[in-house]
Amino acid sequence: MTSATAIPGRSAPALSVSLVDVERSFAGATSKDPPRRVLRDVSLEITPGEIVALIGASGSGKSTLLRQVGGLDVPDRGSVRIDGSALTGIDQRSAIAFQEPRLLPWRSIEANVDLGLPKGTPRGERRDRVAELLELVQLTDAASLRPRQVSGGMAQRASLARALARGPGVLLLDEPFGALDALTRLTMQDLLLDIHAAEPATILFVTHDVEEALYLADRVVLLGVESGYASNSGAVIRSVITVPGTRPRDRGDSSLAHLRAELLEGLGVSTHHPVHTF
Amino acid sequence: MAENAQKHDLAADSTTESAASLVQYVSGYGYSAAGTALSQRRRGAIHSKRWVIALGFVVPVLLLGGWQFISATGLVPAYRLPSPTSVWLAGIDLAARGQLGPYVGISVQRVLIGFVAGAGIGLVIGSLVGLSRVASAFLVPTIGAFRAVPSLAWVPLLILYLGINEDSKVTLIAIGALFPVYTTVAGALRHVDPHLVELGRAYGLGRLQLLRQVQLPAVVPSIVSGLRLALAQSWLFLVAAELIAASMGLGFLLSDSANNGRLDRTFLAIVLLAVLGKTTDALIGLLEMHLLKRWT
Ligand SMILES: Nc1ncnc2c1ncn2[C@@H]1O[C@H](COP(=O)(O)OP(=O)(O)OP(=O)(O)O)[C@@H](O)[C@H]1O
Ligand SMILES: [Mg+2]
């Protein structure tokens, strides 16, 4: 699998990410409602080049947390640092692929990916890089199509390519493979690992898929409301699991079975009997 | 070859594994292929486009026939309703005197200059108000008050300050064209998909780049419909300006012919206004089609 999929070296070196006591609340639906706290006391140190998976139930604040790291949203309390320096607004050291593809409808897929390239990339180089990235995410044939002409999964891959184009120090991916079929999903996972192996960016990604988290990540962070607390008290980091072994991992690794069960349990999925071994 | 085999393996893997992953395939779709069905239906429509145009001529032809019938049978006397033929002849006559061309020319010129100036100013003010909260807070109440003044109320002032000349007429038309564009553009800019604006910011677009690459393209459809309204307004205000103070143009032809009892010329002016208005509107319609194809 580790064919020549790496993007030639233009990306920034991987950077550390540090979250300290991050808290974020949103105003209630009406001015009478109390504010709803989404995140509480979230502290996390991510070392340069690490891959961290963020899992948690729907609405537990994963996207919100990712937005804090990208500087798209500001915590009410606590601090976020990239490479040791605190964020001041949107941070160009990171690049984000949103949960929705967010492609500009009036641009071709190609031109949408081009938006991700760093400022000042020379014109000729832009074209080559975009072609290369489209090749990687298997969208070469769709290069000149408009977003409304491609499927949800294709749009999502275009959005991934756009984030990769930036070659960022920190890569933030919100459910990057959520809309993909099983085969494309596995291929894209390996693609991400290949790119990471060639140019190790720090990656923080959200997923609902426990398998995916265990296959890709160095650590898996489980976000959720502490048991015994009201749901609007805010999600905390319930547990951080260090995934043993080195990548590329065996997808059917039975030694990960207990982690799988633990994570599913954490997500509220009851695993009545121990996960069968493969 | 090797790659194929690889894919095969992966597929086999995924079937054995999918049992363990309970929470998969949850995601947000932005755009989907749902649009394809729509464009297919549109292709069907294009096929029958000639029919649509042909059908559009049915009512005018019927009206013309009815008109001819009424005047030919003397149902309405000629001094109240000139026949289509006499209107046509009045046109030939005016053309022979060398008046028709210049009249039409000057009216079209006034409309175009006034429209372009007004729409341009409307676009700038609309963008300013739509994009900047500060500008909006500063300007919106005042602009609202100006808009509330029925535009014809400016005529005496325009004549006083600018005189009875091209400037005052073109200015009046520009005032008429300004507000529709301002209103639609400001409103549309305020409602550009915040997701896309955030995307632009996340990828480091500055204010001007954001405007050029995200916000303006997003409001192209609104701008065009604003322009269309503005053009209709421009013709309205042209006639107002020329009725009040002019020695040339279709509005002048209207008032002059009515004063001299030349009803055939009055009808001629009205028909010309209808044809010219519809023609310019159709041109904008073409522009709209082109722009919508490019920008949506
Ligand atoms: N801009 C906002 N204004 C108000 N509430 C918000 C805003 N953004 C997020 N929230 C709230 O924060 C909570 C967490 O949202 P978030 O999008 O982070 O969830 P998530 O974990 O990403 O869920 P999912 O897995 O469904 O994507 C939700 O209850 C949501 O209503
Ligand atoms: Mg989310």
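This is a predicted model: local features need pLDDT of at least 70, side-chain atom pairs count only at pLDDT 80 or more; totals for chains, interfaces and linings use all residues.

Modeller: Over residues 104-284 of chain B, the chain is 86% helix and 0% strand, with the end C-alpha atoms 19 Å apart.

Biologist: Which feature does UniProt place at residues 104-284 of chain B?

Modeller: The record, an unreviewed entry, gives "domain: ABC transmembrane type-1" there.

Biologist: Nice. Which residues are buried in helix 10 of chain B?

Modeller: Helix 10 spans residues 194-202, and Leu196(B), Val197(B), Glu198(B), Leu199(B), Gly200(B) and Ala202(B) are buried.

Biologist: And what covers the buried residues of helix 10 of chain B?

Modeller: The cover includes helix 1 (62-70), strand 6 (94-97) and helix 4 (152-165) of chain A, together with helix 11 (207-244) of chain B.

Biologist: What about the ends of helix 10 of chain B?

Modeller: Asp193(B) caps the N-terminal end, with a side-chain oxygen 2.9 Å from the backbone nitrogen of His195(B). After the helix comes Gly204(B), with a positive phi near 80°.

Biologist: Switching to chain A: which peptide bond is cis?

Modeller: The one from Arg247(A) to Pro248(A), with omega near -5°. Pro248(A) sits in the loop between strand 10 (233-242) and helix 7 (257-266) of chain A.

Biologist: What about phi at Asp83(A) and Arg102(A)?

Modeller: Neither is a glycine, yet phi is positive at Asp83(A), about 55°, and at Arg102(A), about 50°. Most residues other than glycine have a negative phi.

Biologist: Is Arg102(A) buried or exposed?

Modeller: Arg102(A) counts as buried because its relative accessibility is 5%, while Asp83(A), at 46%, counts as partly exposed.

Definitions and conventions:
Residues are numbered from 1 along each chain as its sequence is written. Chains are lettered from A and ligands numbered from 1 in the order in which they are written. Side-chain values use heavy atoms; hydrogens and water are left out. Buried means under 20% relative accessible area, exposed over 50%, partly exposed in between (1.4 Å probe, protein chains only). Helices (H or I, at least four residues) and strands (E, at least two) are DSSP runs, numbered from the N terminus. Contact means heavy atoms within 4.5 Å. A polar contact is a pair of N or O atoms within 3.5 Å; within protein, one must be able to donate a hydrogen and the other to accept it, and residues adjacent in sequence count only if both atoms are side-chain atoms. UniProt positions are given in the numbering used here, feature names are shortened, and annotations may be inferred rather than shown by experiment.
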